[in-house]
Each structure stands twice: as C-alpha cells, then as structure tokens.
Amino acid sequence: MPSASWRARLKRLLPDVLLDEPMSRHTTFRIGGPADAFVTAKRAGDLSELYGFARAEDLPVTPVGWGSNLLVLDGGVRGIVLALGGPYARLRFSEGGLVWAGAAVRLPRMIVACAEKGLGGAEPLVGVPGTVGGALVMNAGTRELEIGDVTESVDVFDPESLETRRLGGAEVRFAYRSSSLAGSLVLGGTLSLKAGEPGDIMERVRRFQRQRLQTQPVHTFNVGSTFKNPSGRFVAKLIEEAGLKGRVHGGARISPMHANFIENFSAAAAADVLALVELARSEVRRREGLELELEMKIIGEAAPRPA
Ligand SMILES: Cc1cc2nc3c(=O)[nH]c(=O)nc-3n(C[C@H](O)[C@H](O)[C@H](O)COP(=O)(O)OP(=O)(O)OC[C@H]3O[C@@H](n4cnc5c(N)ncnc54)[C@H](O)[C@@H]3O)c2cc1C
C-alpha cells in the first residue's frame, strides 16, 4: 500500500495531481492499472518541485507522452507518472528552417503546423501519433525518416541538479527505435527543416496519411509495432507465416490487418497482450531461430497492489 502521507503531501504541493489514476486513460491501447499519482507539469517550476519531492520521498518518476508505445501492466505504476503540458506543448519557429517543439507536442500537429509555415522534410512522421518527447526518446521513424535525422538539439531536465541542459544533436546517440535519451526527461527539441511550398508539403503529408490508412489498423486501440524488425527481415511477415494473424487471447488479438500490431478489441488486460507477445516470440523462435525484440515499452507491475 503506498503511504497515504506522501500522496497527501504531493496533493498539497501540486493540487492538480490525480491519485489512483487508471493508466488506461493515458495509453492508446486503453490498457493499464492505476498510477499511484499522475502529474501533468504545466509550469516550468513544477518540475523542480516534483523531482525535489520525489528525491526527498525516494519515489520513482516515470515520464510518459501520449502512451502510444506503452503497455502498462494490470497492477499499475508505483510512484509518480509524469506527463508534460503548458510550456512544453508549444512550437516556436525561427530563422533558417528551425522549429523548437515542446516535448508534449504531438507529431501530427507539429508536421501540419510546419507545412502551413512552408517547412517540410519531416512529413513521413505524420502518421506517428506520439509526442515529440516520446519520439526523440524512441527515435521514432519510418523507412523514409527517423526523427534523429532532423534533430539539431534536445533539451533535457537533469533530476540531480534540477536544471535544464541543451544537448547538441551530436551529443545524442540515435539508433533504430532507441536513443541515448532513454532514462532522462526530455523537455523539447529543435528540428531542422527545409523551406518549400506549403501546398506541396501538405500534399506529401496527405500521401503519407493515406498510406497508413491502407496498411495499418489505425482506428483500433493499439501501440503500433509490437516488435522491432530483425536485421533484413519484416517481423509482420514472420508472424503471419507462423499462422498467427488474427490470433485472439482474451480481449486482445494479433491484428488481422498487420501482424506486428496487437489490438485491444474487447476490454483486454495487459496479461492478454503479453500472452500474444510470448506466443509470437516462441513461434518465430521455433520456426526461424530468431529472438524478437520488443519495440513497445512495458511499465508497471503485473500483480494488483495489495489492499
Ligand atoms: C497507430 C500507431 C502507429 C505508429 N507508427 C509508428 C511508426 O511508424 N514509427 C514509430 O517509430 N512509432 C510508431 N508508433 C509508436 C509510437 O507512436 C512512437 O513510439 C512514439 O514515439 C511514442 O511517443 P509517445 O509520446 O506516445 O510516448 P510513450 O508511449 O508515452 O512513451 C514511450 C517511451 O518514451 C518515454 N517518454 C515519453 N515521453 C518522454 C519524455 N518527455 N521524456 C523522457 N521519456 C519520455 C516513456 O517513458 C517510454 O519509455 C505508432 C503507434 C501507433 C498507435
């Protein structure tokens, strides 16, 4: 049982904190047990207060974005879950095709806003539904472009010094769906885009949106790709060849449209998703001798919190 007293003290410090907040409200899977405390930082000062508090109380802080890559386990998340809002949900344009995007800005919104200003070069990311913060940490991308390819600098908050630091693009290591930013709190990033005709850029944006609609189950509750593609192979094809497309466990199923997506089609538990993850892993291992690596992130505890 989390000590009632730390939560009462946090409520006094940040009155907007949500206690026992179901994480199913904050993930595109619509799955996840309760967070002990869920805070949306809306003022720059909130972060120092929150991290100072967490350090004094010895509590973990878990940052989240749009929850579009997250499986939160059924027992929920202990400590504080932190989302960003306010100043971190803004865009600032400057000379030379640079745009600073707060970590809470969602990629589709950013890319359309850039297109309207005549700035292009990141259109392939328009179908990634997450935030700029989540995208930088994950190095989100497609076959055409990863966000790291257009990143000039990243602003991070250091929980030790309680200060913000700007990392130059070269100081951050971006790799396939991962970056050296994992473990830090990302506040925003500056992207370097190219000037172009707004109409042409919007036309490319629409083309990428159409492609998504044709190939991915975007209108279901899911978190995009479950696994990373093993070098030179397409994991969707491997799962499909194992005969698992459409396979159901509880309220979850391997998408009949794209075998690397798992859908919550009927009040699925995280345990249902994990059962399908294990099934796909064991079948691909047995057939191909390949070990599949998760792309989605898992947080929280499997077992419910003791009453
Ligand atoms: C329909 C659909 C299609 C998708 N297509 C793609 C695709 O084409 N390419 C792709 O790469 N991904 C895709 N995704 C997955 C997902 O959108 C991306 O991984 C995205 O970058 C996650 O961002 P988020 O804000 O939702 O992060 P979350 O899911 O909330 O978090 C992801 C990870 O980032 C961390 N994190 C989030 N914000 C911060 C922050 N500010 N500071 C520090 N850590 C943070 C979290 O702790 C977690 O570890 C898709 C998802 C869906 C639902």
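Q: In this predicted model, which residue lies over the face of Trp66?
A: A charge counts as sitting over a ring when NZ of Lys or CZ of Arg is within 6 Å of the ring centre and within 35 degrees of the ring normal. Over the face of Trp66, at 3.8 Å from the ring centre, lies Arg106.

Q: The charged end of Arg92 sits over the ring of which residue?
A: Here is another charge placed over a ring. The charged end of Arg92 is 4.4 Å from the ring centre, and the ring belongs to Trp100.

Q: Are the planes of the Tyr51 and Phe157 rings stacked, edge-to-face or tilted?
A: Searching the whole structure turns up one aromatic pair. The ring centres of Tyr51 and Phe157 are 5.3 Å apart and their planes stand at 40 degrees. Planes under 30 degrees apart would be stacked and over 60 edge-to-face, so this pair is tilted.

Q: Is Phe157 buried or exposed?
A: Phe157 lies in strand E9, and its partner Tyr51 sits in helix H2, 106 residues apart. Buried means under 20% relative accessible area. Phe157 has a relative accessible area of 4%, so Phe157 is buried.

Q: Which element gives the most residues to the largest nonpolar core?
A: This core has 34 residues, and Leu107, Met110, Ile111, Leu125 and Leu181 touch the most other members. Elements that give two or more residues include strand E7, helix H4 and helix H5. With six residues, the element that gives the most is H3.

Q: How many residues are in the second, separate core?
A: Among the members of this second core are Leu244, Ala270, Leu276 and Met296. Its residues number 25.

Technical notes: Residues are numbered from 1 along each chain as its sequence is written. This is a predicted model: local features need pLDDT of at least 70, side-chain atom pairs count only at pLDDT 80 or more; totals for chains, interfaces and linings use all residues. Side-chain values use heavy atoms; hydrogens and water are left out. A nonpolar core is a set of buried Ala, Val, Leu, Ile, Met, Phe, Trp, Tyr and Cys residues joined through side-chain atoms within 4.5 Å. Buried means under 20% relative accessible area, exposed over 50%, partly exposed in between (1.4 Å probe, protein chains only). Helices (H or I, at least four residues) and strands (E, at least two) are DSSP runs, numbered from the N terminus. Rings of Phe, Tyr and Trp (its six-membered ring) pair if their centres lie within 6.5 Å; planes under 30 degrees apart count as stacked, over 60 as edge-to-face and the rest as tilted.
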